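Let us read a structure feature by feature, in the form of questions and answers.

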Amino acid sequence: MRDVSRLAGVSRMTVSRVLSDPELVLPTTRDKVLKAVADLGYVPDKTAGSLSSRRTGFIALMLPTLTNANFAAVAHGLTEALREANYHLLIAYTDYDMAEEERQLLNLLARRPEAIVLTGAMHRRNASRMLMAADVPVVEIADLPSQPIEHAIGFSNYQVGRTAARYLLDRGFTRIGALAASPDGEVTDHRGEERMRGFEDELRFARLPTDAVLRHGSAPVSFHHGATAFRTLVEAQPDIEAIFAVSDLSAVGAVMEAQRMNIRIPDDISIMGFGDFEIGREINPALTTIHVDFRALGLRTGKMLVDMLASDANPAPSIVDVGLRIVERASIKDR
C-alpha cells in the first residue's frame, strides 16, 4: 500500500478508502489510485478488514464433483447472482464421500464464509452440528428435505424416480429395469439412491417386480459405469424392455454399449436418463431424459442469499421446489 500511495501521490488512508469505499472518494483521486494499483499489480489484503467487520465477501459452495456439467451450471448461476453484490464463491468438492464433506466443511468454515451452500441433505452428525452452529445462512440444494438445516432449493429426487417409472409404465412396458451405483459405504450418491427408491416404489404400485433394478459399482457414475452396468443387466435379464439410468452419463454409456452388443435402441431396448446433459441431446438416438434447470437453481440460490445478507432480519426456514419435466426424444420406443 505504501508504494501505491507514493505513486498516486496520496496518503495511505486515501488508498485504503478507495479500496474499501470508492464511492466516498473524488473521481479524479480515485482514478489516480486505481491506476497506481493496476500499474503496480497490487492485490489488496482483505483478511484484516474482515476480522473487524465480519465480512469476507465469500460464499462457500460444496459440490459432490467438479466433472458434472449440471453442478458446473449451478456454480455459474450462483456466481452470476452473487457477482452483482460483489460476493465470490469458495468451492470445495467431496467425491460423494461424507467423511470428505466433513473435512472440507471444517476447512471452509475456518475461512469464515458469509453463507454456505451444500449439495443434498444427507450429512454426518458432526457436519450437521457444525452447520447449525455456523451462524451464517445455510442452503441445501438439488434436494427437497422435509426438515432442512435452514433453507432448501431443489427438487424431489424421489419424484424423479417415480416420474421415470410412470412414464415407462404409461408406454406399456412391463419388463423395466434401472441402472445406479451401489449405495454401500461412505462413498454414496444419496440423491441417486432416492431416485431408485422412487422408481422401485412406482413399479411396486403397478404390481411389477423390481428385480431388474441394478445397483452396480460405486459413485460417481460415468459412461463406463453405464456401459458395464448395461451389459451386466441385459445378460442377467435378456427379456428387459426398458431401462431408466440414474444419470444421463450412465444412460449414454448404456447406449454405446448396446451398439457394441448389436442391440438396437429403442427397437430392442428403450433407455431414458436424468439430467438432460448436452451429450444426451447429441448421441444417436437422442436420449429421452428428465430435465431440471440447474443454472436457474444456482441463480435462485444466489438471489436468495444476496437478499438475506442485505437484510438484518433472520428469515424463516424455507423450501423451494424448482420442478422437473420429461424431455422426450428418440431413445424410447413408441408402443
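Reading the features

Q: Where does tyrosine 93 lie?
A: Tyrosine 93 is placed in strand E2, residues 88–93. Helices (H or I, at least four residues) and strands (E, at least two) are DSSP runs, numbered from the N terminus. Residues are numbered from 1 along each chain as its sequence is written. The model is predicted: local features need pLDDT of at least 70, side-chain atom pairs count only at pLDDT 80 or more, and totals for chains, interfaces and linings use all residues, while side-chain values use heavy atoms, with hydrogens and water left out.

Q: Is tyrosine 93 buried, partly exposed or exposed?
A: Buried means under 20% relative accessible area, exposed over 50%, and partly exposed in between (1.4 Å probe, protein chains only). Tyrosine 93 has 40% relative accessibility, so it counts as partly exposed.

Q: Which residues form a nonpolar patch on the surface?
A: Patches are made of residues with over 30% relative accessible area and no salt bridge; like charges are joined within 9 Å, nonpolar side chains (Val, Leu, Ile, Met, Phe, Trp, Tyr) within 5 Å. Areas come from the Shrake-Rupley method with a 1.4 Å probe, and for residues only the protein chains shown count as cover. Here the patch consists of Leu66, Ile91 and Tyr93, which together have about 290 Å² of accessible area.

Q: What is the overall make-up of the protein chain?
A: The protein chain has 13 helices and 12 strands. Of its 335 residues, 51% are buried. Along the principal axes, the C-alpha atoms fill a box of roughly 80 × 40 × 30 Å.

Q: At what angle do helices H10 and H11 pack?
A: Axes are lines fitted to C-alpha atoms, for helices over the stretch in contact, and angles run from 0 to 180 degrees between N-to-C directions. For H10 (residues 223–236) and H11 (residues 248–260) the angle is about 55°, with the axes 6 Å apart. That makes H10 oblique to H11; angles under 35 degrees count as roughly parallel, over 145 as roughly antiparallel, 65 to 115 as roughly perpendicular and the rest as oblique.

Q: How many salt bridges does the structure hold?
A: Side chains of opposite charge can pair when their charged atoms come close. A salt bridge is a side-chain nitrogen of Lys or Arg within 4 Å of a carboxyl oxygen of Asp or Glu. The structure holds 21 salt bridges.

Q: Which side chain meets glutamate 193 in a salt bridge?
A: The partner of glutamate 193 is arginine 215, at 3.0 Å from N to O. This pair links distant parts of the chain, 22 residues apart: glutamate 193 is in helix H9 (residues 190–205) and arginine 215 in strand E7 (residues 213–215).

Q: With which residue does glutamate 257 form a salt bridge?
A: Glutamate 257 pairs with arginine 260, and the closest N and O atoms are 2.7 Å apart. Both lie in helix H11, 3 residues apart, about one turn of the helix. Glutamate 257 is buried, with a relative accessible area of 8%, whereas arginine 260 counts as exposed at 53%.
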